[in-house]
Amino acid sequence: MTILPPDPDLTALRVELARLRGERGWTFDELAERSGLARRTLIDLEHGRTSGSLTTWHTLAHTFDVPIEQLLGTLCDDHTPPGVSKS
């Protein structure tokens, strides 16, 4: 029997994107201009219509000037991330 990892928390990931964009006061147009990503891609990410690629999230981490772990770490918000003891 194969034990699969828990599902990633994609809702937390999109909420983190919205939080970072909101705390900077950036519109989707401004984030698109700053990141070089398409406005539609950003809207779809934030509204949960797509999960995006690693390259997209890497670009966003650089655009927001935050560690990529801050963005992608939210994927484990509803469970214990790998490598963390469950005390």
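1. In this predicted model, Thr-56 has a relative accessible area of 11%. The residue therefore counts as buried, because the cut-off for that class is under 20%.

2. Thr-56 belongs to helix H4, which covers residues 54–64. Its side chain forms a polar contact, at 3.0 Å, with the side chain of Ser-53. When neighbours within four places in sequence are left aside, Thr-56 is in contact with Leu-37 and Leu-45.

3. The largest nonpolar core comprises 18 residues. Those with the most contacts inside this core are Leu-17, Leu-31, Leu-42, Trp-57, Leu-60, Phe-64 and Leu-71. At least two core residues come from each of helix H1 (10–24), helix H2 (28–35), helix H3 (39–46) and H4. The greatest contribution is that of H4, with four residues.

4. Beyond its neighbours within four places in sequence, Trp-57 is in contact with Leu-13, Leu-17, Leu-45, Ser-51, Gly-52, Ile-68, Leu-71 and Leu-72. Leu-45 is also among the contacts of Thr-56, and both Leu-17 and Leu-71 are listed with Trp-57 among the residues with the most contacts inside the core.

5. Which residues are in contact with Arg-21, leaving aside its neighbours within four places in sequence? They are Trp-26, Thr-27, Phe-28, Leu-31, Glu-46 and Phe-64. Of these contacts, Leu-31 and Phe-64 are named among the residues with the most contacts inside the largest nonpolar core.

Key: Residues numbered from 1 in each chain as written. Predicted model: local features only at pLDDT ≥ 70, side-chain atom pairs only at ≥ 80, totals over all residues. Heavy atoms only, no water. Buried < 20%, exposed > 50% of the residue type's maximum accessible area, 1.4 Å probe, protein only. Polar contact = N/O pair within 3.5 Å; in protein donor to acceptor, adjacent residues only side chain to side chain. Contact = heavy atoms within 4.5 Å. Core = buried A, V, L, I, M, F, W, Y, C linked by side-chain atoms within 4.5 Å.
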